[in-house]
Amino acid sequence: MVSYLLSVQMRIGVPYWDVYNYLNNAIIFAGMGGENINTINYLSPLVPFLTSLVFRMGYVSINAIFIISAIFFILGVLGLYFILKERFNPIQSLSGTLIFISFPVVLSWAVSGCTDIPGISLSISSILFLVIGLKKDSRFLYLILPTMVMAFMVRYISGLIILPMSLYILMNYDDIKQLKNLKKILAGIVLELGVLIAGLAYFFTRLKTGDSVFSLFISIASSSFTGVNDVAHNTNVLYYIQNLLNYISIGPFWGTYQQIMNPSQGLPSLLSYFLVSIVILGLIIYFQKIFLKKGIFKDNCILNVVNLLKISLVAALLMILVASFIYQLFVFGEIGLFALLFVLYWFLVRKKSGSVKENLKMDVMFLSWFGAYLIFQSILPLKVDRYFITMAPALAYFIVLGLSESIPLIESKIKLINVKSGLIYVFIALIFLSCSTATFFGHSPKKTFTIDIEHSCQWINSSDLVYKDKVICSDYPNAVNWYLKKEIKGGYPRLYNDNDDKFEDYLKKIDADYYIETTRKAHPKIKGYRIIKTFGVVAVYHKI
């Protein structure tokens, strides 16, 4: 599947703006170019750095970043399977992994060159090493910090994975104290931490990006980041919840490539409604079996002072969580979620024993994983469908959890034929995977408009031997910078409300010799310039 995804991606080209930024940074890391006004050096550096290694080997192509993404995707899928296997049986884990792959936002962005998949793959690895390190072999604990730091360096938001990990550590505090060689493990981790902090400090100092990254974090944490001028600006805090069904599956027989890449623009399939229905049924059965039938609420329902205090504390934390959404306070939301889940664990789960308690710890950790990223992405004023990838592993986990309770119920009702529950899991997973792949491959275009940008740049390169000495402007400057290997001025008609007179004044002000337009279907006349060549949706203007 990955090889086929790669072949499709290599054919259609770069799908998104940021990928060109990573490619341009990779050129700088490889020592094949210098910084210019198109360089965004505060972007997460690990994927560009790894891509630069491929460039140094002599393969300077956009395909290099696709291959890097593919490797991370494979590692992430394998890691997710092994995490699920710590909670479910192998067939259930396999089915959950296949369902994860089938999510439109995962499948369509898997090898795209964006950092979402590499970031979540390394986050999965961090969780995996924590779980098996505490359950099976403590030596895996040494791998947590390196993978966490790499996840952070791949995509800064991956640092939020520390919240579910910290919660899991707190829930296993008693077991951690019993670990053999605990002091040796802690000393090793502290040593690792010192080395990694020194390495990060050097990296950011070398790149001269420390101030930019720090300012970005402060603006987001203080909720002062607005992103008003960004095309992805969206203040709807319910955006990801409203589109949850779309992220599970979209209609297989209709839609466009853009709707596959951005499922919120499409419609959820009937399969999505079917899966959510049986998963919700399973989760209700699970909740009832674990909490209601066991009588865990029996003592807590007695209205005494202690229980009133417990209820008051839970209610207060819940109010903080709700208020953080209403007033869009990211930090308070994360603190409220962390505290609420730990308090619920302490009141309802801590006194349980055996496999039930271990399973509930995993449930709480994955709930905190989903919630931590949901709060951040919902409050962040920039919303893009691919940001949901950060929540996709947790969603797959709860889908498997729901199926693990509802499928035995379905199996018991099927009396006409002898059906094994394992076959039902695999059948559901393969149906979803088949529909997703059919939808993606069936609607994938022969190329994206970025191929037209490449062709226009190749034409300028061949027709104007001194183009590097001229001023070139574009509404997609990072892409043109990649293909022409020179500084490109940014020119965006939307910032002038598509007022061509004002935009003309801007082009004259910067004395642009060429203007390459990529985003407007109807290319208007620009005084002092004429269209000398078109490539698909791309028009090349030249100064008269």
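This is a predicted model: local features need pLDDT of at least 70, side-chain atom pairs count only at pLDDT 80 or more; totals for chains, interfaces and linings use all residues.
Biologist: Let's start with helices. How are the axes of helix 7 and helix 8 placed, and at what angle do they cross?

Modeller: Look for two things, the distance between the axes and the angle. Helix 7 covers residues 116-135 and helix 8 covers residues 144-154; their axes come within 8 Å and cross at roughly 165°. Angles over 145 degrees count as roughly antiparallel, so helix 7 is roughly antiparallel to helix 8. The crossing of this pair is left-handed.

Biologist: Which residues of helix 7 and helix 8 meet?

Modeller: On the helix 7 side you'll find Pro118, Gly119, Leu122, Ser123, Ser125, Ser126, Phe129 and Leu130. They meet Ile144, Thr147, Met148, Met150, Ala151 and Val154 of helix 8. Sort the contact of helix 7 with helix 8 by class and you get nine nonpolar, five polar and no charged residues.

Biologist: Now try me on another pair. How do helix 19 and helix 20 cross?

Modeller: The axes of helix 19 (residues 330-349) and helix 20 come within 10 Å, with a crossing of roughly 165°. That makes helix 19 roughly antiparallel to helix 20. Check the hand, too: the crossing of helix 19 and helix 20 is right-handed.

Biologist: Which residues make that contact between helix 19 and helix 20?

Modeller: Helix 19 brings Phe330, Gly333, Glu334, Leu337, Leu341, Tyr345 and Val349. From helix 20 come residues including Lys357, Leu360, Lys361, Val364, Gly371, Phe376 and Ile379. By class, the contact of helix 19 with helix 20 has twelve nonpolar, three polar and three charged residues.

Biologist: Let's move to cores. Which residues touch the most other members of the largest nonpolar core?

Modeller: Think of a core as a set of buried nonpolar residues linked through their side chains. Here the largest one has 155 residues, and Phe103 and Leu403 touch the most other members. Helix 20 (residues 354-379) gives this core its largest share, 13 residues.

Biologist: And what is Leu403 in contact with, leaving aside its neighbours within four places in sequence?

Modeller: With those neighbours set aside, Leu403 is in contact with Ile99, Leu275, Ile278, Val279, Pro408, Tyr425 and Ile428. Another core, of eleven residues, lies apart from the largest one; Cys473, Ala512, Tyr529 and Ala539 are among its members.

Biologist: Now single residues. Is Ser52 buried or exposed?

Modeller: Read the relative accessibility: under 20% means buried. Ser52 has 1%, so Ser52 counts as buried. Ser52 sits in helix 3 (residues 46-56). Not counting residues up to four places away in sequence, Ser52 touches Ala26, Phe29 and Ala30.

Biologist: What about Met261 in helix 15?

Modeller: Helix 15 spans residues 257-261, and Met261, at 3% relative accessibility, counts as buried. Leaving aside neighbours within four places in sequence, Met261 is in contact with Pro15, Ser108, Trp109 and Asp385. Take Asp385: it is 124 residues from Met261 along the chain, yet their C-alpha atoms are separated by 7.9 Å.

Biologist: One last residue. How does Ser7 count by its relative accessibility?

Modeller: Ser7 has 36% relative accessibility, so Ser7 counts as partly exposed. You'll find Ser7 in helix 1 (residues 2-12). Ser7 and Phe66 are 59 residues apart in sequence, and C-alpha to C-alpha they are 9.8 Å apart in space.

Terms used: Residues are numbered from 1 along each chain as its sequence is written. Side-chain values use heavy atoms; hydrogens and water are left out. Axes are lines fitted to C-alpha atoms, for helices over the stretch in contact, and angles run from 0 to 180 degrees between N-to-C directions. Helices (H or I, at least four residues) and strands (E, at least two) are DSSP runs, numbered from the N terminus. Angles under 35 degrees count as roughly parallel, over 145 as roughly antiparallel, 65 to 115 as roughly perpendicular and the rest as oblique. A crossing is left-handed if the near helix is turned anticlockwise from the far one by less than a right angle, and right-handed if clockwise. Contact means heavy atoms within 4.5 Å. Ala, Val, Leu, Ile, Met, Phe, Trp, Tyr, Cys and Pro count as nonpolar, Asp, Glu, Lys and Arg as charged, and the others, Gly among them, as polar. A nonpolar core is a set of buried Ala, Val, Leu, Ile, Met, Phe, Trp, Tyr and Cys residues joined through side-chain atoms within 4.5 Å. Buried means under 20% relative accessible area, exposed over 50%, partly exposed in between (1.4 Å probe, protein chains only).
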